[in-house]
Amino acid sequence: PQILLDRCIQSVVKKPFVVVTQPRRIAAISLSSYVSKERGEETQQTVGYAVGNDRQYSDDCTVLFVTTGWLLQKLVFNPDFFNKCSHIVLDEVHERSVDADLLFLVVKQLFHTSFDPKTWRTHGTRLILMSATFNSSVFCNYFAIKGFTLPDPIFVGVQRFPTEIFYLDDLADNKQIDMSNFPYKKNHLTDLARKIESSSNN
């Protein structure tokens with residue numbers, strides 16, 4: 001969301017107001033705190049969150065982290081909120097739930113309603129879907145507008161870390177295993193393996 005925010009500030013096309021959904025309350029609150037610290041400010045200045053009845057954001061808020069259910073209720077009872085957003089970011093869209101599916105439906109209807117066929121643009125609100133693992137073509141087809149070509153999905157990439165396989169039998173037999181890059185001490189894992197082995201025998 002910070003990239004979107006900085007882009008809006010530079011272009012000055014519309015007052016930035018980026019709403020980011022999260023499937024869980026703790027994620028919305030922690031991300032709000034994290035982004036606030038990265039921008040060198042306190043929560044409720046330009047970055048805030050809204051989960052249930054706990055709402056920590058000001059009138060100057062430009063990035064708002066919310067739960068899926070909160071945004072669903074907001075759009076159902078106040079559809080004009082959609083046009084106030086410069087961007088709506090639906091994060092973790094692969095985590096399906098009743099609230100998520102209903103939110104997709106509501107956002108789709110509002111997105112299509114705000115689309116102007118004369119200019120081939122929406123009324124200023126941009127919709128962004130994010131996920132680590134999801135079929136982008138399915139969601140693109142779902143939110144597609146007839147006759148309008150959606151931009152291609154952006155693949156950011158992923159950092160993979162090397163993995164090593166350890167077997168409990170090897171630890172219990174005290175075989176030579178290089179544990180220099182392993183976060184736990186070998187003795188701890190050996191004791192754990194013996195406990196598991198003894199419990200299984202009992």
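Reply: H94 has a relative accessible area of 29% and is therefore partly exposed (buried is under 20% relative accessible area, exposed over 50% and partly exposed in between, with a 1.4 Å probe and protein chains only). This is a predicted model, in which local features need pLDDT of at least 70 and side-chain atom pairs count only at pLDDT 80 or more, while totals for chains, interfaces and linings use all residues. Residues are numbered from 1 along each chain as its sequence is written, and side-chain values use heavy atoms, with hydrogens and water left out.

H94 sits in the loop that runs between β5 (87-90) and α5. Helices here are DSSP runs of H or I with at least four residues, strands are runs of E with at least two, and both are numbered from the N terminus. Leaving aside residues up to four places away in sequence, H94 touches S131, A132, T133 and F134, where contact means heavy atoms within 4.5 Å.

E92 belongs to the loop between β5 and α5. E92 is not a glycine, yet its phi is positive, at about 55°. With 25% relative accessibility, E92 counts as partly exposed.

Two packed helices are described by the angle between their axes and the distance between the axes. On the α5 side the contact is made by F104, L105, V107, K108, F111 and H112, and on the α6 side by F139, Y142 and F143. These residues divide into seven nonpolar, one polar and one charged (nonpolar: Ala, Val, Leu, Ile, Met, Phe, Trp, Tyr, Cys and Pro; charged: Asp, Glu, Lys and Arg; polar: the others, Gly among them).

Beyond α5, S114 is found in the loop between α5 and β6 (115-116). S114 counts as buried, at 5% relative accessibility. Its C-alpha atom is separated by 8.3 Å from that of T125, 11 residues apart along the chain. Beyond α6, P151 has its place in the loop between α6 and α7 (168-172). P151 counts as exposed, at 66% relative accessibility. From C-alpha to C-alpha, P151 and C140 are 9.2 Å apart in space and 11 residues apart in sequence.

C61 lies between β3 (54-56) and β4 (63-67) and counts as buried at 4% relative accessibility. Not counting residues up to four places away in sequence, C61 touches P16, F17, Q45, T46, V47 and G48. The C-alpha distance between C61 and P16 is 8.9 Å, for residues 45 apart in sequence.

A helix elsewhere in the chain is α2 (residues 25-38), whose 14 residues should span 20 Å at 1.5 Å a residue; its end C-alpha atoms are 20 Å apart, which agrees (the expected span is 1.5 Å times one less than the number of residues). Within α2, residues A27, A28, S32, V35 and S36 are buried. Viewed down the axis of α2, its buried residues fall within an arc of 155°, so they line one face of the helix; the arc is that of the directions from the helix axis to the C-beta atoms. The face turned away from that buried side carries the exposed residues I26 and K37. G40, with a positive phi near 70°, follows α2.

For the whole protein, there are eight helices and eight strands. Of its 202 residues, 32% count as buried. Among contacts between residues at least 6 apart in sequence, 58% join residues at least 24 apart.
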